[in-house]
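Q: I'd like to learn how to read a structure like this one, feature by feature. Could we go through it together?

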Amino acid sequence: MDDAQRIETQNLARHCNEDLILAILLRGERHGYQLALELEERSGGFFRFNHGTLYPILHKLEQDGMIRGTWKREGPKRRRKSYTLTEKGRDYAALQRGAWRDFFTRFFEIMEDGLR
Amino acid sequence: MNRFRGTLSRVSRKLDLPQPKKSRILLELSGDLNDAFDACLEQGMDEAEARRRVEAMFDLSDEAIDELVRVHDTALRKLLGAMSIEARTRWERALLVVLLAFIALAAGRPILSLGPFALAGPFVWPVAGFSLVALTAAIAQAYRLHIRRVYDTRRLRDGPAWILAAAAGCLASGFTGSTVEMSRAARVIAAGAERPLAAFIDGALAASAVMVVALLAGVLWAVVWSVLEHSAGRIAEAEVAWLYEE
């Protein structure tokens, strides 16, 4: 497995948050609030994002070219920023899916060996 | 008025980023806060309860704000941030001194050798004094707005008033100097000068020279004041834009 497909255990929480956001955006354009809400709803409340921590992650992903933020006018006075996945982000999300699968396979191998 | 003004003001104070990045982040946050508020109202909460709930949901901790600053910081600001405050202040002061010395050396001698400056007589010194005050105020304001980038909307326009006052001082010195030079020539002629026309021309030359120097300085500082005022105005506008959801 090459480095791009490896989940770095020292940055587990960051990788997890980034990849969950990318996974939600695979379904289409979302605002920051919608992202957090959808993640919570789809995981039955298991993944509960502190909305405050969402922005650094979104802005980092935007800087890395994984997602694209676009400002749109909603009504006469309101402007909103919504995010979509870029091609690079789509490819990265696919790679990460494999990396997480591999991560948990190895994780459970060790856990189950220990419990056996 | 934005109903989450308190939350946004708190974040704004801590978010040490230049405009327009800061306003964009606050605008994005403001949109999400209002969306969450509307969702809470739809769930049947009253306004006070919805606001409390949303503020708890969007509690931007100091760590989250620091992380946002880190994400958006430029390479130069990251380098400055890595230095201690004392070291940074020392470097910034040293750079300003070098800049001032360079300006004084490069521009001082050629300007002083120009005709009007050579003819202006002692009244060029008050003009130079006022110009020094204006230069100091202009550098301090430019440093605050464009290098340090710590924006306090209540104090954004504190510095430029000194520049305008110094520009007025230059003009007043020029007018006084011009009047003194002309009255001196008049006294010489009245005392029975051998060549009254030459005395009058000498007086008029000195008076116009001091007036030209004062006008040049006055106009220059007025332009600098106007540029810095415009700059401060733009920053102040961007700072409060999110309040009106522009």
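Q: Which order do the strands of the sheet in chain A take?

A: Keep in mind that this is a predicted model. As a general idea, strands of a sheet pair through backbone hydrogen bonds, either parallel or antiparallel. Here, chain A has an open sheet of 3 strands in the order S1-S3-S2, with antiparallel pairing.

Q: And which strands stand at the edges?

A: Strand S1 (30-31) and strand S2 (67-74) of chain A do. Each has a single partner strand, so one side of each is left without a neighbour in the sheet.

Q: How many bridges join S2(A) and S3(A)?

A: There are 8 bridges between S2(A) and strand S3 (residues 78-85) of chain A, in the antiparallel sense. If you want one pair to look at, take A:Trp71, whose bridge partner in S3(A) is A:Lys81.

Q: Now chain B. What pattern does chain B follow along the sequence?

A: Chain B reads α-α-α-α-α-α-α-α-α-α, with 10 helices and 0 strands. Of its 246 residues, 31% are buried. Then look at contacts with a separation of 6 or more: in chain B, residues 24 or more positions apart account for 75% of them.

Q: Let's zoom in on one residue. Where is B:Phe200 found, and is B:Phe200 buried or partly exposed?

A: B:Phe200 is found in helix H10 (residues 196-241) of chain B. To judge burial, count the other C-beta atoms within 10 Å: 20 or more is buried, 12 or fewer is exposed. B:Phe200 has 16, so it is partly exposed.

Q: How about the two chains together: how many residues of chain A are in contact with chain B?

A: The size of an interface is often given as the accessible area lost when the parts come together. Here we can go by residues: 16 of chain A are in contact with 19 of chain B. On the chain A side, helix H2 (32-42), helix H3 (51-63) and S3 each supply at least two residues. H3(A) gives the most, with 8 residues.

Q: What classes of residue make up that side of chain A?

A: The side of chain A that touches chain B has 3 nonpolar, 7 polar and 6 charged residues.

Note on methods: Residues numbered from 1 in each chain as written. Chains lettered and ligands numbered in written order. Predicted model: local features only at pLDDT ≥ 70, side-chain atom pairs only at ≥ 80, totals over all residues. Helix = DSSP H or I, 4+ residues; strand = E, 2+ residues; numbered from the N terminus. Contact = placed C-beta atoms within 7 Å. Pairing = 2+ DSSP bridges. Nonpolar A, V, L, I, M, F, W, Y, C, P; charged D, E, K, R; others polar.
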